[in-house]
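Subject: Structure handover

Hello,

Here is the structure I said I would pass on. Please open it alongside this message; my notes on what was found follow below.

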Amino acid sequence: MRFSAILGALAAFVCFTAAASATIIGAPADGALGFQPSASPIMDQVYSFHGLLLIIITAISLFVLALLLWVMGRYREKSHPEPKKFSHNTTVEVVWTVVPILILVLIAVPSFRLLYDQDVIPEADFTIKTTGNQWNWTYEYPDHGGFEFVSNMVEDADLDGHPFAALRNLTTDVPVVVPVNAVVRVQVTASDVIHSWAVPSFGVKMDGIPGRLNETWFQATQEGIYFGQCSEICGLRHAFMPIEVHVVPQEIFDAWAEASQEDPYDAPQVLAAYYDSLRSDAQLASAR
Ligand SMILES: [Cu+2]
């Protein structure tokens, strides 16, 4: 009895994680270290730059620690009672000036490349304009008929049965939708105070400033659901204006964009139907 209960729980857990991993990619995970999984070329670059820096700072820290330990042992009063009187050593001074410069140049090359690639937007397939408000986001799709919608966080009380109820304080009622592999230009502004539109898995974080139009871009290379949050402290409900982006195949995006021109608040039905079909395909496959 007990064994079968454990087996049942294990099977349920496996099913749950299989379903979850099929769709939700860019989200925080319990006990996780490091970044959320990368799903864009820019985030891949951020990843490898972070890896390079980690190696460099670890090597520097270990080297300085070793030097300290050596000096503390070698030149303590007991083993070195008579201190030397010299105060300069040209070789050592040249080395400790030149080596840090070389390290900084080594860091600067990938750093400037990453800054450039983030800043210079390649030819975009389409534009999304997002406006930060206290405390939600307005989205416009000017290249798809100019429809517009406001995306609010789903409150705890409404999470049950919500088609995209996934993560508390991260799910929105009307998500952003983009096609997989499309280069998306994001224009970011704000209507009241400074906000910041950030999605970790895309390596995107751009301030929305009233009276100013900032630009950034991303190319989501993997289908799935990605979450982000406002990253500029903007007032009382700063923590409750999340960002939810669905990356779907081009034809699903086209159907959604068409439905959005009619009624953007009804268009998420297209996504729900798509996910239902995925789920039943997966159930069919596992039943075989
Ligand atoms: Cu905000």
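A residue counts as buried if 20 or more other C-beta atoms lie within 10 Å of its own, as exposed if 12 or fewer do, and as partly exposed in between. Asparagine 169 has 15 C-beta neighbours inside 10 Å, so this residue is partly exposed. Please keep in mind throughout that this is a predicted model.

Backbone points

Asparagine 169 lies in the loop that runs between strand 4 (147-151) and strand 5 (176-179). Its phi is near 65°, a positive value in a residue other than glycine. Asparagine 181 also has a positive phi, of about 70°, although it is not a glycine. That residue is in the loop between strand 5 and strand 6 (183-190), and it is partly exposed because 14 other C-beta atoms lie within 10 Å. As background, most residues other than glycine have a negative phi, and most peptide bonds are trans.

A cis peptide bond is found between glutamine 134 and tryptophan 135, with omega about 0°. Tryptophan 135 sits in the loop between strand 2 (126-133) and strand 3 (136-141).

Domains

The domain assignment divides the chain into domain 1 (41-119) and domain 2 (126-287). Their centres, taken over C-alpha atoms, are separated by 42 Å. Four residues from domain 1 and five residues from domain 2 make up the contact. On the domain 1 side, the touching residues are four nonpolar, no polar and no charged.

Five strands form an open sheet with mixed pairing, in the order 4-3-2-6-9. Strand 4 and strand 9 (214-219) are the edge strands, and each pairs on one side only. Neighbouring strands of this sheet are turned against each other by 25° on average, direction ignored. Within the sheet order, strand 2 and strand 3 pair in the antiparallel sense over five bridges. Asparagine 133 stands opposite asparagine 136 in strand 3.

Strand 5 and strand 11 (residues 243-248) run parallel and are joined by four bridges. Valine 177 stands opposite histidine 246 in strand 11. How do the side chains of strand 5 divide? Val176 and Val178 point one way, Val177 and Pro179 point the other way, and all are buried.

The largest nonpolar core has 44 residues. Those with the most contacts inside this core are Val178, Val186, Phe202, Tyr226 and Trp256. Leaving aside residues up to four places away in sequence, tryptophan 256 touches Val177, Ala267, Val270 and Leu271.

Strand 7 (residues 195-199) and strand 8 (residues 204-208) form a hairpin with four residues between them. These two strands pair in the antiparallel sense over five bridges, and tryptophan 197 stands opposite methionine 206 in strand 8. Glycine 203, in the turn, has a positive phi of about 65°. Strand 8 has a covered face with Val204, Met206 and Gly208, and an uncovered face with Lys205 and Asp207.

Serine 40 touches Phe202 and Gly203, and also Phe218, Gln219, Ala220 and Thr221, not counting residues up to four places away in sequence. Where does serine 40 lie? It is in the loop between strand 1 (24-26) and helix 2 (41-74). Serine 40 is buried, because 23 other C-beta atoms lie within 10 Å. Serine 40 and glutamine 219 are 179 residues apart in sequence, but 5.4 Å apart in space, C-alpha to C-alpha.

A loop pair

Aspartate 156 lies in the loop between strand 4 and strand 5. Is aspartate 156 buried or exposed? Aspartate 156 is exposed, because 9 other C-beta atoms lie within 10 Å. Aspartate 156 and arginine 168 are twelve residues apart in sequence and 6.7 Å apart in space, C-alpha to C-alpha.

That is the end of the notes.

Regards

Definitions and conventions: Residues numbered from 1 in each chain as written. Predicted model: local features only at pLDDT ≥ 70, side-chain atom pairs only at ≥ 80, totals over all residues. Core = buried A, V, L, I, M, F, W, Y, C linked by C-beta atoms within 7 Å. Contact = placed C-beta atoms within 7 Å. Pairing = 2+ DSSP bridges. Axes fitted to C-alpha atoms, helices over the stretch in contact; angles between N-to-C directions. Domains from an automatic or database assignment. Nonpolar A, V, L, I, M, F, W, Y, C, P; charged D, E, K, R; others polar.
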